[in-house]
2 protein chains.
Amino acid sequence: MATAIERLGRPSQREETRRKILESAAQVFADKGFYRSVVDDIVKASGTSKGAVYFYFDSKEQIFMSLVEDYAATVAQELQVAVHRSRGLIAEVEATVATLIRNFQAHRTLAKIVLVDWPAAGAEFQGKRIALKTMLVEVLRGYLDRAVQDGKIPAQDTEMAAYAWIGAIGEIVARWLNTGKPNPLDEVLAPLTRLLLSSVGFVASPAAAR
Amino acid sequence: MATAIERLGRPSQREETRRKILESAAQVFADKGFYRSVVDDIVKASGTSKGAVYFYFDSKEQIFMSLVEDYAATVAQELQVAVHRSRGLIAEVEATVATLIRNFQAHRTLAKIVLVDWPAAGAEFQGKRIALKTMLVEVLRGYLDRAVQDGKIPAQDTEMAAYAWIGAIGEIVARWLNTGKPNPLDEVLAPLTRLLLSSVGFVASPAAAR
DNA sequence: GTTGGGAGACTGACCAGTCAGTCTGAAGGG
DNA sequence: CCCTTCAGACTGACTGGTCAGTCTCCCAAC
């Protein structure tokens, strides 16, 4: 019985070290960017060793990709849930913006890595990032195309609008990363959602407001 | 006479080499990003030598900053001209967006460097970039504040709107950098301007349309 | 001769990754 | 129970390739 529990303890020790390395790497990468970060910084921050780092990860690149891929998967999943729970353009857009903003707010280091460092990393890093953005464009575009069909907004280049929306959200988060304002970040939810909806010609009617 | 011409040739020879280095550096940095670019790549691309590069520039950082600062100064100047020539929210926003979009279109490598690589470069590179963005925020915000006062758009957080606009423009350009679409980039001028104006609640009246 | 522009070999700090060795816990045998 | 063996988690000194910057030399013009 006690022996069985101790056996279970061993894998979690392993997971603990790996987790420590990843968390430390997130801090180091967010602080210095990928290329200016050295593995020895991660070693120091994690309180482990060079060998331990390379026991769990094949390379510095793999550490980085583990971080961003995990985060991208989390965001994608939460977005999926948000989409399923929302009906109508307002609710859908609110849910999407809220998911993104709250995620960034909760993970400041990852927000920095994903928004600033990831795009500037080499071409071999870009596949997953482009996939995440493409997924987001498709989600937003889906909302907009349906709203056009329902006559809720005028016909337009919904793809361009989706990209513009993503850019707007990203820049608001980048401002927060640089200045700490607004505090908390999710104060921008209502005005930003309003601005995005307005940008595509959506007019909130009195009936819709209720 | 011939000797005098040759004398004049010497300074331009010097400018020619420096120009070649800068142009080559722009290509290399845009292709690989700052940190993955090596000075020897710039040497090869410019057809000069290591010695020549360090004759004109103190460091790799200085090459980079020369590029981005020159570009920022150009953009700032063109924006100033555009501002002076425009009256009224529509014209002002059109002029600003057109200046930015056309500048990026004309300098694809610099667009990549400025939008993607510069933000991810180290903290010591960020002063001028933040200044350029701040200047742009002030310009846009100025338009919006005036439009609020004139009752043309509803009262709102004009600073947030300005950042959202900058993000939207940036993402549209980033899409173009990644996909080549739209071709040419300035096809987005009219729809993007419309989207931005709409986002702040500006409704083009029939009288304003004339 | 002097000066300026430039070439390219060289230097030494840096750093991703390697690997011989250590430590710890578990299992098995006496 | 104690001892031995083994596997796996981990350590940290080391390696060698990289690369920003330096330095010496060359050449041409005056």
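Me: Before we start, what should I know about numbering and confidence cut-offs?
Reply: Residues count from 1 along each chain as its sequence is written, while chains are lettered from A and ligands numbered from 1 in the order in which they are written. This is a predicted model, where local features need pLDDT of at least 70, side-chain atom pairs count only at pLDDT 80 or more, and totals for chains, interfaces and linings use all residues.

Me: What ipTM and pTM does the model score, and what is the mean pLDDT of chain A?
Reply: The model scores ipTM 0.88 and pTM 0.90. pLDDT is the predictor's confidence in each residue, from 0 to 100. In chain A, 90% of the residues reach 70 or more, and the mean is 89.

Me: Which stretch of chain A has pLDDT below 50?
Reply: That stretch has zero contacts in the model beyond near neighbours in sequence, a contact being two residues whose C-beta atoms, placed from the backbone, lie within 7 Å. The stretch is residues 1-11.

Me: How many helices and strands does chain A have?
Reply: Helices (H or I, at least four residues) and strands (E, at least two) are DSSP runs, numbered from the N terminus. Along the sequence, chain A reads α-α-α-α-α-α-α-α-α-α. The tally for chain A is ten helices and zero strands.

Me: What box do the C-alpha atoms of chain A fill?
Reply: Of the contacts in chain A with a separation of 6 or more, 66% are between residues 24 or more positions apart. Taken along the principal axes, the C-alpha box of chain A is roughly 65 × 45 × 30 Å.

Me: Which helix supplies the largest share of the side of chain B that touches chain A?
Reply: The contact takes 28 residues from each of the two chains, B and A. On the chain B side, α6 (108-120), α8 (158-179) and α9 (189-199) each give at least two residues. That side divides into 15 nonpolar, eight polar and five charged residues. The largest share, eleven residues, comes from α8(B).

Me: Which residues touch the most other members of the largest nonpolar core?
Reply: A nonpolar core is a set of buried Ala, Val, Leu, Ile, Met, Phe, Trp, Tyr and Cys residues joined through C-beta atoms within 7 Å. Leaving out residues up to four places away in sequence, A:I172 touches A:V188, A:L192, B:M160, B:Y163, B:A164 and B:G167. Of the 117 residues in the largest core, the ones touching the most other members are A:A164, A:I172, B:A164 and B:I172.

Me: Why does B:L192 count as buried?
Reply: A residue is buried if 20 or more other C-beta atoms lie within 10 Å of its own, exposed if 12 or fewer, and partly exposed in between, with C-beta atoms placed from the backbone. B:L192 sits in α9 of chain B and, neighbours within four places in sequence aside, contacts A:M160, A:A164, B:V97 and B:I172. B:L192 is buried because its C-beta neighbours inside 10 Å number 25.

Me: Where is A:A45, and which residues does A:A45 touch?
Reply: A:A45 is in helix α2 (residues 39-46) of chain A. With 18 other C-beta atoms within 10 Å, A:A45 is partly exposed. Not counting residues up to four places away in sequence, A:A45 touches A:S24, A:Q27 and A:V28.

Me: Which residues does a cis peptide bond join in chain A, and which in chain B?
Reply: Most peptide bonds are trans. A:P182 lies in the loop between α8 and α9 of chain A, and B:P184 in the loop between α8 and α9 of chain B. With omega about 0°, the cis bond in chain A joins A:K181 and A:P182, and the one in chain B, also with omega about 0°, joins B:N183 and B:P184.

Terms used. Ala, Val, Leu, Ile, Met, Phe, Trp, Tyr, Cys and Pro count as nonpolar, Asp, Glu, Lys and Arg as charged, and the others, Gly among them, as polar.
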